[in-house]
Amino acid sequence: MEGGSSVVYRLASHLALWRLRTAGRLSVITTKLPDRHWGPQRIIARHAAAGGGSKWERRGPAAPCICCASRPPAGSPCSAGAAAAAPPPVSSITLIVLSSEEGTSELKLERLLQMVFGAMVLFVGLEELTNIRNVERLKKELRASYHLIDSFLGDPELIGDLTQCVDCVIPPEGPLLQEALSGFAEAMGTGFVSLIVSGRVVSATEGWWRLGTPEAVLLPWLVGSLPPQAARDYPVYLPHGSPTVPHRLLTLTLLPGLELCLLCGPRPPLSQLDPQLLERWWQPVLDPLRACLPLGPRGLPDGFPLHKDILGLLLLHLELKRCLFTVEPLGDKGPSPEQRRRLLRHFYALVTSTHFPPEPLEKVEDDVSRAQLPRACYLVLGPEEPGTGLRLIALQLGLRLLLLLLAPQSPTHGLRSLATHTLHTLSPLL
């Protein structure tokens, strides 16, 4: 980012007002804000045009005035000569993000824009966003997405918004749950079923895992962000797979905090998911289901062998687009969970932007480039002497990338060895 700590995020070529509400980090943006208010910041925007295409734009200081939709209001900088006729349909929409957080990376902001745009498509469909015929109706329909968008803008416990990988947990009896899930999916006639705890996928069918980005991340996140409810029948669009034709997202609460999710068409009706059917498939695995409930914040089963210095970890499978993220692997010590999450998120953005390639190493064809690619890097927050600063290390081996947050007593000369051992321990799980 250039020009200080502000980055601008613009929404709505024709919408009168868009609210961005979160913990004092983002401002309210209206359509009556002329050029001079933006100042010299770089503008990062995503533009979606009619026909389903989208592109990223980075604009310099001469940001266009956003007060002028098809029909500028009287007194706006562009109101001279405004036509009195009714505005034509709007064929595009632009998103702009404004951050007051110092040092925010461009990667983080771009991926935030992708998630926000995906959330909008998820609720109203791409056609409504790229061919806007009734602005007021669209604004009302978009209100359904506010809660989901707000969850991206705060301090989320998940990290899929940044990594573009599905947040997962590792259940202690995964094969049993997978067998029950596959049988239930076959009985219901859908290939898209998953178990979700606190917005994280516990187990899923092959069809669910094949969902594209961003819906693979958005759907569990949406379920985790909703207030508790015994059952839901949600119409959703898939931003990648079906942006113009809605599907149904059915959710059923098996245990408080643990939900069964189905993605389907007109059938089955929600009434078909009666208690007898659920009891047939899930009563035999009730104890394994209960064991999943603490996995939301922890991610790993009790007793999983990890080094005592590990305060948080992020493991990504770059090809499968799945990740394991926890800041509570061994109890509560050191920095707060919120601080740990923030450190790991910042470190991921740093290493992804500057040290590691965006694609898995096996996809890099140039042998010379592959030899020059760094496989590990570390960062010490403060002096490097033992006991004086938190340690962060990133290690990539093949298709997996591991980031660790370590206690100050962990010696820097042993960071790579510790990370390598941890990666080998975790690799069979993800």
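Two rings of Phe, Tyr or Trp (taking its six-membered ring) form a pair if their centres lie within 6.5 Å; planes under 30 degrees apart count as stacked, over 60 as edge-to-face and the rest as tilted. The model shown here is predicted: local features need pLDDT of at least 70, side-chain atom pairs count only at pLDDT 80 or more, and totals for chains, interfaces and linings use all residues. Residues are numbered from 1 along each chain as its sequence is written, and side-chain values use heavy atoms, leaving out hydrogens and water.

**View 1. Phe-152 meets Trp-221.** By the ring rule, there are 2 aromatic pairs. In this one, the centres are 5.1 Å apart and the planes stand at 75 degrees, so Phe-152 and Trp-221 are edge-to-face. Phe-152 lies in helix H4 (residues 146-153) and Trp-221 in helix H8, 69 residues apart; helices are DSSP runs of H or I, at least four residues, numbered from the N terminus. Phe-152 is buried, at 5% relative accessible area, where buried means under 20% (1.4 Å probe, protein chains only). Trp-221 also counts as buried, at 5%.

**View 2. Phe-184 meets Trp-282.** Here the ring centres of Phe-184 and Trp-282 are 6.0 Å apart with planes at 55 degrees, so the pair is tilted. Helix H6 (residues 174-188) holds Phe-184, and helix H9 (residues 275-282) holds Trp-282, 98 residues apart. Both Phe-184 and Trp-282 are buried.

**View 3. Arg-322 over Trp-209.** Look for the charged end of Arg-322, which sits over the ring of Trp-209, 3.7 Å from its centre. The rule asks for NZ of Lys or CZ of Arg within 6 Å of the ring centre and within 35 degrees of the ring normal.

Note on methods
Helices (H or I, at least four residues) and strands (E, at least two) are DSSP runs, numbered from the N terminus. Buried means under 20% relative accessible area, exposed over 50%, partly exposed in between (1.4 Å probe, protein chains only).
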